[in-house]
Amino acid sequence: MNDSHTTLLLIILCVLIVLSAFFSSSETSMMSLNRYRLKHLSKEGHKGARRASRLLERPDRLLGTILVGNNIVNILAASIATVVAVQIWGEAGIAIATIGLTIIILIFGEITPKTLAALRPELIAFPVSIILQILQKVLYPVVWVCGSISNQLLRLLGVNVSADAGDQLSVEELRTVVREAGLGITRSRQNMLLGILDLEKMTVNDIMIPRNEAIGIDLEDSLSSINSQLRTCHHTRLPVFQGDINNVTGIVHMRSIARLLSRGDLTKENLTSVCKEPYFVPESTPLHTQLFNFQKQKRRIAIVVDEYGDVIGLVTLEDILEEIVGEFTSDMLLPSQDIHPQNDGRFVIEGGSAIRAINRQLKWKLPADGPKTLNGLITEQLESIPETSVCLTVGSYRMEILQTKDNMVKSVKVWDRALDMEGPLPEIESEDDDAR
């Protein structure tokens, strides 16, 4: 009779250890669920996800249910283990039961099930949510009493237990989520999502076409010159100005010009008549705001002005879209002449090249939070207009100025300093070398 009684207690003890593992894994799996994936699965009609979502709506009740059940199970297990140990080893069984059960609970009731639940939360959480729903109703009185006392203690400590922490993400947190998405999102889609988020950090000034590179129609030119320019133009929309781009009179669409050219009716008066009113935007306008403004105004090109109202460049809808999806057009008739790769791995780059364009094309990380062009970056670093044969280092990049003209850097040889590790390079000494 004594042996059968001990055997029964051992069986009950094993069941209690299994229940301890159940509660431990339930707690970890429910808390480890990805809330955004859970919402997605719930919308898709996944029953397990819906049950888990309902339970997580009140995490205090869920944790109360799990912890009440887990503590009841562990206390019962400790009591039964002590009884069995005393029957077998006498008074020494108390110490044996304490040490033995602690090791067993840690391994089989805590560490192993919690590790599995952390690695496979959905595998555990969705099935156990059925049992947890039932236990939440059965243990509700006990959970309510314990929860009320716990909430009162938290209020005494200055914690607002009714405050909704929410699952809102900041822009930086969302950017991290996108970067860490792994195989869930392809690299191209990641770049597109990050491009959308980056629109808030960028302004029109960062991507505009500077006025010295802008192509437009000067009404003071001869009609034959204007005619020739229009027939060879590769742009869809052009600004029309009088003598200087600061005197913009309108924007002309090449579709309207095509009709005039086909009928032979091109005159300066007809050209002016088909122009649309120019659309001016401040240089400090954030890109995401300008994108909505283009949509609202039903425009695709804008004239960028500075704080004094002077024209400093052009920005198009395509420029903003390319910040999101990358460059999706390539004009074979107008190949880029700004970046010239050399046989030794270096690049000869025009001084007026935009730093963002250089970084995008060469996958470099030149600082783009200050000057917008390579010439501006160099003059800022040197704090003067340099002469030729001057070398400097910007971050991890070496630069050698090849040509200066009209108080600006015209061409520069640029390379990553990692190339210097592959072989010796001739050092070019200059008084301006101290600006490195």
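Author: A term to begin with: a crossing is left-handed if the near helix is turned anticlockwise from the far one by less than a right angle, and right-handed if clockwise. Also, this is a predicted model.

Reader: Fine. Which hand is the crossing of α3 and α6?

Author: The crossing of α3 and α6 is left-handed.

Reader: What angle and axis distance do α3 and α6 have?

Author: Helix α3, residues 47-56, packs on helix α6, residues 121-138, at about 45°, and their axes are 8 Å apart. The angle makes α3 oblique to α6.

Reader: Which residues make the contact?

Author: From α3 there are Gly48, Ala49, Arg51, Ala52, Arg54 and Leu55. From α6 there are Phe126, Ser129, Ile130, Leu132, Gln133 and Gln136. By class, six residues in this contact are nonpolar, four are polar and two are charged.

Reader: Where does lysine 363 sit, and is it buried or exposed?

Author: Lysine 363 is in the loop between α16 (355-362) and α17 (374-382). With a relative accessible area of 72%, lysine 363 is exposed.

Reader: And what about aspartate 406?

Author: Aspartate 406 is not a glycine either, and its phi is positive, about 55°. The loop between β11 (397-405) and β12 (408-416) holds this aspartate. Aspartate 406 has 60% relative accessibility, so it counts as exposed, the cut-off being over 50%.

Reader: Back to α17. Which of its residues are buried?

Author: Leu374, Asn375, Gly376, Leu377, Ile378 and Leu382 of α17 are buried.

Reader: What covers the buried residues of α17?

Author: The cover includes β9 (347-350), α16, β10 (391-394), β11 and β12. After α17 comes glutamate 383, which has a positive phi near 60°.

Reader: Last topic. What is the mean pLDDT of the protein?

Author: The mean is 83, and 90% of the residues reach 70 or more. Confidence is highest in strand β5 (residues 280-282), at a mean of 95, and lowest in helix α8 (residues 171-179), at 76.

Reader: Where does pLDDT stay under 50?

Author: One such stretch is residues 330-335, with three contacts beyond four places in sequence in the model. For residues 424-436 the pLDDT is also below 50, and that stretch has 24 contacts beyond near neighbours in sequence. Where pLDDT is low, the predicted coordinates should not be read in detail.

Notes: Residues are numbered from 1 along each chain as its sequence is written. This is a predicted model: local features need pLDDT of at least 70, side-chain atom pairs count only at pLDDT 80 or more; totals for chains, interfaces and linings use all residues. Side-chain values use heavy atoms; hydrogens and water are left out. pLDDT is the predictor's confidence in each residue, from 0 to 100. Helices (H or I, at least four residues) and strands (E, at least two) are DSSP runs, numbered from the N terminus. Contact means heavy atoms within 4.5 Å. Axes are lines fitted to C-alpha atoms, for helices over the stretch in contact, and angles run from 0 to 180 degrees between N-to-C directions. Angles under 35 degrees count as roughly parallel, over 145 as roughly antiparallel, 65 to 115 as roughly perpendicular and the rest as oblique. Ala, Val, Leu, Ile, Met, Phe, Trp, Tyr, Cys and Pro count as nonpolar, Asp, Glu, Lys and Arg as charged, and the others, Gly among them, as polar. Buried means under 20% relative accessible area, exposed over 50%, partly exposed in between (1.4 Å probe, protein chains only).
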